[in-house]
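Work through the exercises below with the model open. Try each task before reading its solution.

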Amino acid sequence: MTDPIADYLTRLRNAIKASHRIVEMPASNIKKEITKVLHEKGYIQNYKFEENGPQGSIKIALKFNPVTKQNAIVSLKRVSTPGLRKYVKHTELPRVINGLGIAIVSTSKGVMTDKEARTEGVGGEVLCYVY
């Protein structure tokens, strides 16, 4: 697999479109950190890291509105790819939908949102946009 983060986002996107409640995928450290950020910001309901096999897996419970049956995540977009990395300074961090969405950034201080990176004063690689 050349791009595990794109695979992670695609699995989430497919589960949302198929109206699945839970999605399971292989784990890695960067995927675990992205999952934690999504949970902190309220885009997913819950998550669980399982240590089965050498790699382990991540189970994610998606957040749905029971009345409208609409998911909390409207769109997931991969920004930095293995073929074209996108690095930005803290002054050039993108704003997703004028601050309504989040950009997940991998910095020297860990994986965080664009707003947290701005307050910390660190730039890094823009992994994806979520709104």
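**Exercises on a helix and some rings**

Helix α1 is followed by Ser19, whose phi is positive, near 60 degrees. The model is predicted: local features need pLDDT of at least 70, side-chain atom pairs count only at pLDDT 80 or more, and totals for chains, interfaces and linings use all residues. Residues are numbered from 1 along each chain as its sequence is written, and side-chain values use heavy atoms, without hydrogens and water.

**Exercise 1.** Find which residues of α1 are buried, and what covers them.

*Solution.* 
- List the buried residues (under 20% relative accessible area, 1.4 Å probe, protein chains only; exposed is over 50%, partly exposed in between). They are Ile5, Tyr8, Leu9, Leu12, Ala15 and Ile16.
- Check the side. These residues cover an arc of only 125 degrees around the axis (directions from the axis to the C-beta atoms), so they lie on the same side of α1.
- Recall the geometry. An α-helix has 3.6 residues a turn, so residues three or four places apart point the same way.
- Identify the cover. It includes β1 (22–26), α2 (29–40), β3 (57–62), β4 (76–78) and β8 (124–130).

**Exercise 2.** Describe the aromatic pair of Tyr47 and Phe49.

*Solution.* 
- Take the distance. The centres are 5.0 Å apart; rings of Phe, Tyr and Trp (its six-membered ring) pair within 6.5 Å.
- Tyr47 is partly exposed, at 26% relative accessible area. Phe49 is partly exposed, at 26%.

Notes. Helices (H or I, at least four residues) and strands (E, at least two) are DSSP runs, numbered from the N terminus. Contact means heavy atoms within 4.5 Å. Rings of Phe, Tyr and Trp (its six-membered ring) pair if their centres lie within 6.5 Å; planes under 30 degrees apart count as stacked, over 60 as edge-to-face and the rest as tilted.
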